[in-house]
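Trainee: Hi! Could we go through this structure together, one piece at a time?
Mentor: Happy to. Let's have a look.

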Amino acid sequence: MSNIASAIKAAEAALDKGDYNFCIKIIDPLLLDFQAETETGGQLRLLVITSYIGKGDEQKAINICQTLIHNKKESIRQQAKQLLSILDAPRLPKQSNWSV
């Protein structure tokens, strides 16, 4: 298994555990080596976007999503557009008795 594949696997495992900071720590250094337009760069950024969403840092997630709109792979472009539509949606008020 290549180093990048190992990093992706470790980042996915961190996401599964809800360890968003660790996922970002794994992926962030790799972002410089893989441009947003490439398939690998897109995969890495989708993991980071998910981590930022999990942390509640939606603005960072939106900024990264916008870089993926021009990715070479259609599925990554579509995922970015779907995430942007969710992130840009208006926030509904939450009832005080909801346990979300």
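This is a predicted model: local features need pLDDT of at least 70, side-chain atom pairs count only at pLDDT 80 or more; totals for chains, interfaces and linings use all residues.
Trainee: Okay, stepping back. How many helices and strands are there in the protein?
Mentor: Five helices and zero strands. Reading from the N terminus, the elements go α-α-α-α-α.
Trainee: And what does the C-alpha trace span?
Mentor: About 50 × 30 × 20 Å along its principal axes. The protein has 100 residues, and buried ones make up 32% of them.
Trainee: Back to helix 3. At what angle does helix 3 pack with helix 4?
Mentor: About 160°, and the axes are 8 Å apart. Helix 3 and helix 4 are therefore roughly antiparallel to each other. Here too there is a left-handed crossing, with helix 3 passing helix 4.
Trainee: Which residues are involved there?
Mentor: Helix 3 brings Arg45, Val48, Ile49, Tyr52 and Ile53, while helix 4 brings Glu58, Lys60, Ala61, Ile64, Cys65 and Thr67. By class, the contact of helix 3 with helix 4 has seven nonpolar, one polar and three charged residues.
Trainee: What about helix 2 and helix 3, how do their axes cross?
Mentor: The axes of helix 2, residues 20-27, and helix 3, residues 39-55, come within 9 Å and cross at roughly 150°. That makes helix 2 roughly antiparallel to helix 3. The crossing of helix 2 past helix 3 is left-handed.
Trainee: And who touches whom in this contact?
Mentor: On the helix 2 side it is Tyr20, Asn21, Cys23, Ile24 and Ile27. On the helix 3 side it is Leu44, Leu47, Val48, Ser51, Tyr52, Gly54 and Lys55. The contact of helix 2 with helix 3 counts eight nonpolar, three polar and one charged residues.
Trainee: Let's talk about the inside. Which members of the largest nonpolar core touch the most other members?
Mentor: That core has 27 residues, and Cys23, Ile27, Leu47, Ile49 and Leu68 touch the most other members. Helix 1 (3-16), helix 2, helix 3, helix 4 (58-67) and helix 5 (74-87) each supply at least two residues of this core.
Trainee: Which helix gives the most to this core?
Mentor: Helix 3, with six residues. As background, nonpolar side chains tend to be buried together in soluble globular proteins.
Trainee: You mentioned Ile27. What is isoleucine 27 in contact with?
Mentor: Ignoring neighbours within four places in sequence, isoleucine 27 is in contact with Ala7, Ala11, Leu44, Leu47 and Val48.
Trainee: New topic: is asparagine 71 buried or exposed?
Mentor: Asparagine 71 counts as buried, because its relative accessibility is 1% and the cut-off for buried is under 20%. Asparagine 71 sits in the loop between helix 4 and helix 5.
Trainee: What does asparagine 71 touch?
Mentor: Not counting residues up to four places away in sequence, asparagine 71 touches Ala36, Glu37, Thr38, Glu39, Gly42, Ile76 and Arg77.
Trainee: And lysine 9, buried or exposed?
Mentor: Lysine 9 is exposed, because its relative accessible area is 54% and exposed means over 50%. Lysine 9 is found in helix 1.

How values were computed. Residues are numbered from 1 along each chain as its sequence is written. Side-chain values use heavy atoms; hydrogens and water are left out. Axes are lines fitted to C-alpha atoms, for helices over the stretch in contact, and angles run from 0 to 180 degrees between N-to-C directions. Helices (H or I, at least four residues) and strands (E, at least two) are DSSP runs, numbered from the N terminus. Angles under 35 degrees count as roughly parallel, over 145 as roughly antiparallel, 65 to 115 as roughly perpendicular and the rest as oblique. A crossing is left-handed if the near helix is turned anticlockwise from the far one by less than a right angle, and right-handed if clockwise. Contact means heavy atoms within 4.5 Å. Ala, Val, Leu, Ile, Met, Phe, Trp, Tyr, Cys and Pro count as nonpolar, Asp, Glu, Lys and Arg as charged, and the others, Gly among them, as polar. A nonpolar core is a set of buried Ala, Val, Leu, Ile, Met, Phe, Trp, Tyr and Cys residues joined through side-chain atoms within 4.5 Å. Buried means under 20% relative accessible area, exposed over 50%, partly exposed in between (1.4 Å probe, protein chains only).
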